[in-house]
Amino acid sequence: MSDSSWGAPPAAGQAGYWGPAGGGPAQPVPGAVPAGPTYDAPEAQQTRPMPVVPDERAYGADEGGDRGAARRSGPLFQEFQGEFRPEPPQGRALLAEKQNPEPMPDAHQPAPAPQKKSAGRDLSAAIGVGVGLGVVIVASLFVEKAVFVGVIAVAVVVGLWELTSRLRERKDIKAPLVPLAVGGAAMVVAGYVRGAEGAWVAMALTALAVLVWRMTESPEGYLKDVTAGVFAAFYVPFLATFVAMMLTASDGPWRVLTFLLLTVVSDTGAYAVGWRFGRNKLAPRISPGKTREGLAGAVLFAMVAGALCMQFLIDDGTWWQGLLLGLAVAASATLGDLGESMIKRDLGIKDMGTLLPGHGGIMDRLDSLLPTAPVVWLLLVLFVGSA
């Protein structure tokens, strides 16, 4: 089609685009656009006529208009019997919600009861075991000093067995138990008989025995095994010898009883206050259950108990000394508890053992007692002497 054909009149005898040949007036076609420029017959024969597409009405127009004439057809649109309208995503969601409505909540369903704080352990078993241990300790303490020394030695051996067993299971550290157990028991007896000098000598001999005993096995892992063995010897039996050294004084049983009472009262105050009022974590990465409020409770309870014990149980003791003693016990007991919690976190365990229902193992009860023993021994020597 050439540009010169736009707007040219049809020649005589030739058929125009909108009408028959012959120059007569063109007949209007129903529904067609009013007549416009025509094409020459030769060019019209070479090109296909442009179909007439009526204007579509916007969405929402009347159904009876020209839209029906221009309705889409073909294989791609056969599945749509009605008008083609894309569904917005929110429209689909509303339609699915209408088709599958959620069940209405029962108006008469009772609200869930608020959960109570849990102590985390079997309190009845813990109290029963604690009372039983207290009876055994007090009876052996005031009946015969040597019997109480034997109780300390047994506790030390069991604690060493729990610690070395967990090290072997969780870290594959083979700290030799036999020299530790024999040397630990001897260390307690030496501390009671010969005092601090005997305790240090026994500690050195126990460490030497650990080094020699481990030489009978493969050299692989030797360093870590003997290091763990020396650590265990210091951590359990050596610290326990200070309890035996307290016993050597004339009021030795009362000193040991003061040491035990202050440690237990400190732990109880921390537990009671922390469970009821604890909000701020003390050391969340080490022991998530301990709070600053619990530490404050431990200090308060221990200071009050210390003042009473020094005033009424210890010869030549005064109440203000008891306040200082209680403060020191609360600090050392808390640090000892955190220290063993760090060991258990490294090992990936909750308790060192299961020997004591409601408490865990022996080491779980010795954790705060062991580091507190040298603190109480030293302060009592400074306050009232060692005789």
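From the N terminus on, the elements of this protein run α-α-α-α-α-α-α-β-β-α-α-α-α. That gives eleven helices and two strands, read as DSSP runs (H or I of at least four residues for helices, E of at least two for strands) and numbered from the N terminus. The model is predicted, so local features need pLDDT of at least 70 and side-chain atom pairs count only at pLDDT 80 or more, while totals for chains, interfaces and linings use all residues. Residues are numbered from 1 along each chain as its sequence is written, and side-chain values use heavy atoms, leaving out hydrogens and water.

| Element | Residues |
|---|---|
| Strand E1 | 281-283 |
| Strand E2 | 287-291 |
| Helix H5 | 177-214 |

E1 and E2 run antiparallel, joined by two bridges (strands pair if DSSP finds at least two bridges between them).

Now for the inside. Buried residues (under 20% relative accessible area, 1.4 Å probe, protein chains only) make up 35% of the 387 residues.

What about Leu205, buried or exposed? Leu205, in helix H5, counts as exposed because its relative accessibility is 55%, and exposed means over 50%.
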